[in-house]
Amino acid sequence: VQVAGKGFGQSSPTNRPAQLRKEVAALTSSHSVAGAVAKKAPKILKTTIEDSSAEDFNPMNETQMLNSSIISFYPERAGHYNTIAVVYGKDNLFDVRVVEVNAKVTMPDGKMVIEFRGPARELIFQDIPIANESDKDWFLNSFIRGEAFTCPKTLVVPRKGSAVMQITFQGPSAGKFDGSLQLKNVDLGDTFEYGLVGLADEPLAESHLTYKLMARKSQLFSIPLHKILVPRDKLKNRSMTEKTDRENLQVFTVETDLPYLTGSETVSIADEGGQYTFSILSPVGGVFNGYISFKDVDFPEVNMWFTVNVEVTAPAEERSIAVESVVRKAVAVEITLDNTTDQTLLFDVSIQGEGLLGSPTFELPPKGGSAAANSPSDVYELIFSPLRAGQYNGKISFYNAKVGELWYKLNLSALPATPIVIETIESMIGTSQQVKAPVENPLAEQVVFSVSVADTDHFSVPSEKITLSPYAQSFFMVSFRPSSLNDVVKSFITLTNPQFGEIHYEVSGVGLLPGIMPTVLIDAPLGEIGSQTVEFFNPFPHPLPVNVVLTNTSTQSNAGGKGTSGLHGIRGGKQNSNAAALKEKNDADSMLEAFGLLMRKTSDVVIAEKTPFHIALSFNPMKLGQYESMVEVRSFVGGRNLLWCYPIRGIAEAGTKQRLAPLKSPCKTQMMREDLITLEGISKGDVAALGEDLSLSDISVDTSVDDKFKSLIARCFRAQPLEIVALRGGGKRDGEGDVSGEEAALGVAKAPAAEFGLRLRLLFEPLRTFTARVEVVVVCRNRGKWRLQVDLDATEPEPDDRIKMCAAVGGSDKVTFKLANRFLGFSKFHAYFSSKSSPHFSVSPSSGILAPFGSEGSPFVVSFAPTDYGAIEHANLIIMTDDAQWNYEFRGSYPDTATIAAAVTSKNKSRLGSKI
């Protein structure tokens, strides 16, 4: 069997020779017997397939298969299909039979469903494309069912073309609506059916309405309405009486959430439409948003609604009140209200305006309730305390739900404050003098002032910014540097802040004749040269010629005696005998000059105007003690001799630094140790000759350390002098032999020349880990200075607490605790885990501000979230501030997963029996 044609197929392949297959193919392609190989044209049999689909095929049994053949036909779409089937014998090449097949295919009975969804009473469109691949135009008639659906009644689909059938859905109310559409081909009789489903949601607002009115005045408004279609299935449930009573009317109930709206609860609408009228009386101004809805009394789901915006302008003010005050001063305004009702009214008070203060509520008694007119209960007190000068507008309103809003317009006038007068600053010309200027912050927030100085040549403030905490009172320093004699110089200093306004200060200063200037200190080790500079400033607006003179040569205060200045002839020290005086003179004569001027030119030196000039000094002490001298700067200005005298005080340091044993201690523990240091350079003979004993009151101890450790060392390290000890050669105490084991433990210095020693108590109480080198400076008044060096090492402390946590893999456990600072005041902190800690621990917050001592403390949350099972996990949490630290040891474990051994057995026997 050989079959040709679209959609057709033969049942089995042919085994006929190739030549015959070609002839058969030519026959089937021409639909004619012209090319047949038979000498006599075969008879063509015709058969018609009226309808065909895969479901109609039923395979025949073996008996039915005799004298028959199966042709498969699978059409893609509806229409007419033509083909021929050629049957030939395998053994008889001339036995050929041709069958012409005509197939008519129609659409299957399956129904398509089209679903619509949208708000009720909104039109929703759906296009259905229809394609016609036949050679004839299709004329379709539509039949639609369902009150919410519509479509055209007819549609023409051109041959070899397409057309669109548009279906419209408009649900009258919220709910589900069913329908169907049938399209019928008039010529062919084919039908296309579609199921229609419409889902209508709640309807959208009909429109947005805006109304404007004035507070405390009633105004009428209306909304145009129309009938709403009620679904037929709902109308069936209405009784005949109701139908008669409401034959031409639709009744709606009215609902709204707008305040102050008054109107009827129902409204009836006829076929031609109607309107709903209502009034609004708002006691207060403002903007109100809401809705108003209309629902059918019988079918609430049939409704329409509107969004409404009501703009109420505030009523006119009761009156205007003018208020005037000086900035940073307060005035009170009394506002009297009358209550004409017989009830006590509680008003909410709203205040708008800069610098206005008052109670947020006001209780007004009923009329006649007060014992006297204008009693305090009838008066509201408003405070006006401006911070910035200028003219402002303000408002105070009183609101009560019954009487509405009463408000007053405030015309505010803030007058500039008179400047704060600072006392006149007196300063010697060539120097500067400082005074304190008060400042306060009355606000509940931090304030940063910008500083402006009118006359920067004579007045200055150390910082351009001044920061004050909330409600803080403080001061800042004002410096005055004169440039003339006896002339009063005035200026203004202004502090400015955008929120605070301006504070003005009036400052003045006068220049005085120069005299004794601040003392210049110099120190140097014995036998070495130290240097220092004296800074002289030319205050005049013109060049100044000067002479620099180092008066006489200082004398050394030998072993405690006070030095002598050759210029002033001041005698110092005790001269108990002629021998002591002679010894002091001999010592002074034998000593080299300790001070010297390091200047190539000391006379007729010209200093430019408003320019500093540095005078270099050298100090070379040869014996322990205190040295004094004077540097004079001489000049002649305006017919006057000017003289600036700079006292010079030098103190000799004894030898090299003494190194003490290190202090090593864990954090939050105390370590105390006593060391005996030697006071080299002080001899017993000098002390005895002057009749003075070394006193502990003459000893002072100070520390010197890197700036980054200064605050930390000040809190945790102290050196206290305990006793001055007389020693003999080798650093031994008088009356003692060799150095005892106790002295060795105390670190006695082995200096053979020392005759006196000082017993020091060193106290080390670290609060956090650090390592630093501290220099301890021991000063004996009028005698000398010694430097000590000690290394401080604060190691890791014991944990403040040990905390256990438990969590399963994939879960978490949290611990919360609070921590306060060890000192008063807030401190910045950092919280972190040590490097050897498990990564499954986390802390929050990791940084911030730690609450001060005495407060509840700042909260911390530690979480443990393991990701796999293993050994017990450990972590060391460190919370550190600039001055202290806290350590917490955490241990993380897992829930108990132990099982009962008897309940678990192995399926594989891997052990031999005892008998074997």
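Predicted model: local features only at pLDDT ≥ 70, side-chain atom pairs only at ≥ 80, totals over all residues.
Helices (H or I, at least four residues) and strands (E, at least two) are DSSP runs, numbered from the N terminus. Residues are numbered from 1 along each chain as its sequence is written, and side-chain values use heavy atoms, with hydrogens and water left out.

Is Asn-185 buried or exposed? Its relative accessibility is 1%, so Asn-185 counts as buried; the word buried stands for under 20% relative accessible area, exposed for over 50%, and partly exposed for what lies in between (1.4 Å probe, protein chains only). Contact here means heavy atoms within 4.5 Å. Not counting residues up to four places away in sequence, Asn-185 touches Trp-138, Phe-139, Leu-140 and Asp-190.

Let us move on to Thr-256, which lies in strand E17 (residues 250-256). With 31% relative accessibility, Thr-256 counts as partly exposed. Tyr-291 is 35 residues away from Thr-256 in sequence, yet the two C-alpha atoms are 5.6 Å apart in space. Leaving out residues up to four places away in sequence, Thr-256 touches Leu-261, Tyr-291 and Ile-292. There are polar contacts here too, a term for a pair of N or O atoms within 3.5 Å; within protein, one must be able to donate a hydrogen and the other to accept it, and residues adjacent in sequence count only if both atoms are side-chain atoms. A polar atom in the side chain of Thr-256 lies 2.6 Å from the backbone oxygen of Tyr-291, and the side chain of Thr-256 also reaches the backbone nitrogen of Leu-258 at 3.2 Å.

Further along, Gln-626 is found in strand E47 (residues 625-637). At 8% relative accessibility, Gln-626 counts as buried. Its side chain makes a polar contact with the side chain of Glu-628, at 3.3 Å.

Now for a sheet. Strands of a sheet pair through backbone hydrogen bonds, either parallel or antiparallel. Two strands are said to pair if DSSP finds at least two bridges between them. E41 and strand E46 (residues 612-619) run antiparallel and are joined by 8 bridges. In this pairing, Phe-537 stands opposite Pro-612 in E46.

Next comes the interior. A nonpolar core is a set of buried Ala, Val, Leu, Ile, Met, Phe, Trp, Tyr and Cys residues joined through side-chain atoms within 4.5 Å. The largest such core has 65 residues, and Trp-644, Phe-717 and Phe-770 touch the most other members. Strand E56 (residues 770-780) supplies the largest share of this core, 6 residues. Setting aside its neighbours within four places in sequence, Phe-770 is in contact with residues including Phe-709, Leu-712, Ile-713 and Leu-792. A second, separate core has 29 residues, among them Phe-221, Val-254, Phe-278 and Phe-306.

Finally, let us look at charges. Side chains of opposite charge can pair when their charged atoms come close. A salt bridge is a side-chain nitrogen of Lys or Arg within 4 Å of a carboxyl oxygen of Asp or Glu, and by this rule the count comes to 28. One of them joins Asp-675 and Arg-673 at 3.0 Å, N to O, and both residues are buried. Another joins Glu-674 and Arg-761 at 3.7 Å, N to O. This pair links distant parts of the chain, with Glu-674 in strand E51 (residues 671-678) and Arg-761 in strand E55 (residues 756-764), 87 residues apart. Glu-674 is partly exposed, at 23% relative accessible area, and Arg-761 is partly exposed at 28%.
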